[in-house]
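Please open the structure in your viewer and keep the sequence at hand.

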Amino acid sequence: MQNAASYRFSRIHHALRVGSHLSVKLDTGHPVRAHFRQSVMDAACGLHVLAMVLVILGVAKRTALEQMSQRKFGVAADVWRAFKETVFSGVNAREYCELIDSLNLPLQLSLRDKCSSDVDEFALDGALRGELIAVAFESVKNQRTKHWALCIGCDGSMNGRAATADTLLLLDPSASEQPYMSWNSRLSMPEQKRRRNAAKSIEWLYESQDWESEPVRLIAAVRFRLAD
């Protein structure tokens, strides 16, 4: 009997298009840039991740979101009013979901946080399905460092018909956009965890061209889906 074929694969959200800028092709036919970059002074990574989600899912216009603090009406204005108090203080996972739910957007949210036992497994499963997952992680060495990024896909291995994700591909608002790539940072699972297929208490390796690699742990994952 012939052994099943084994190979590596990558999967990203279906709406994303790779080019000189990572973009979303909307109904107008014009590509719109997907990445939002935060400043070095703010703690608005969660807000920037939400802006990316709204653009990728076609819920709000990028031009409006770029000017959200000056807008008086519409989705962008509502987002700013909800999140403006968190721009320099940051936002935890439960508050994040509560603020988004208060906007009455056509989104369905599912949350896993420290109170759950399956944060890593939940993020991996969503990435494997090609969904948008906001992930919050903290440094293993310094747990005061907490950050949000948007998982837009995954790398993994295929053995026959069995697919296993082991790397989360991220759009990180604190990192610069990378031309002709679908991601600008990633969370890689250690080799021993890949072999054991363990989904509990994973110490991920955060990797980016902008920052030094460091071990981190997921502390929350929020899955975004368009409401029916």
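Predicted model: local features only at pLDDT ≥ 70, side-chain atom pairs only at ≥ 80, totals over all residues.

**First selection: strand β10**

Select residues 204–208, which make up strand β10. Is this strand largely enclosed or left open? Of its 5 residues, 4 are buried, so the rest of the structure largely encloses β10.

Now select residues 214–226, which form strand β11. This strand pairs with β10 in the antiparallel sense, over 3 bridges. Which residue of β11 is the bridge partner of Leu 205? The partner is Pro 215. Next, follow the chain from β10 to β11: the two strands form a hairpin, and 5 residues lie between them.

Proceed to Gln 143, located in the loop that lies between β6 (132–139) and β7 (146–159). Its relative accessibility is 42%, and Gln 143 therefore counts as partly exposed, since that class lies between the limits of 20% and 50%.

Display the surroundings of Gln 143 as well. When neighbours within four places in sequence are set aside, this residue is in contact with Glu 138 and Arg 217.

Finally, select Leu 107, which is 36 residues from Gln 143 along the chain. A distance of 31 Å separates the C-alpha atoms of these two residues.

Notes: Residues numbered from 1 in each chain as written. Heavy atoms only, no water. Buried < 20%, exposed > 50% of the residue type's maximum accessible area, 1.4 Å probe, protein only. Pairing = 2+ DSSP bridges. Contact = heavy atoms within 4.5 Å.
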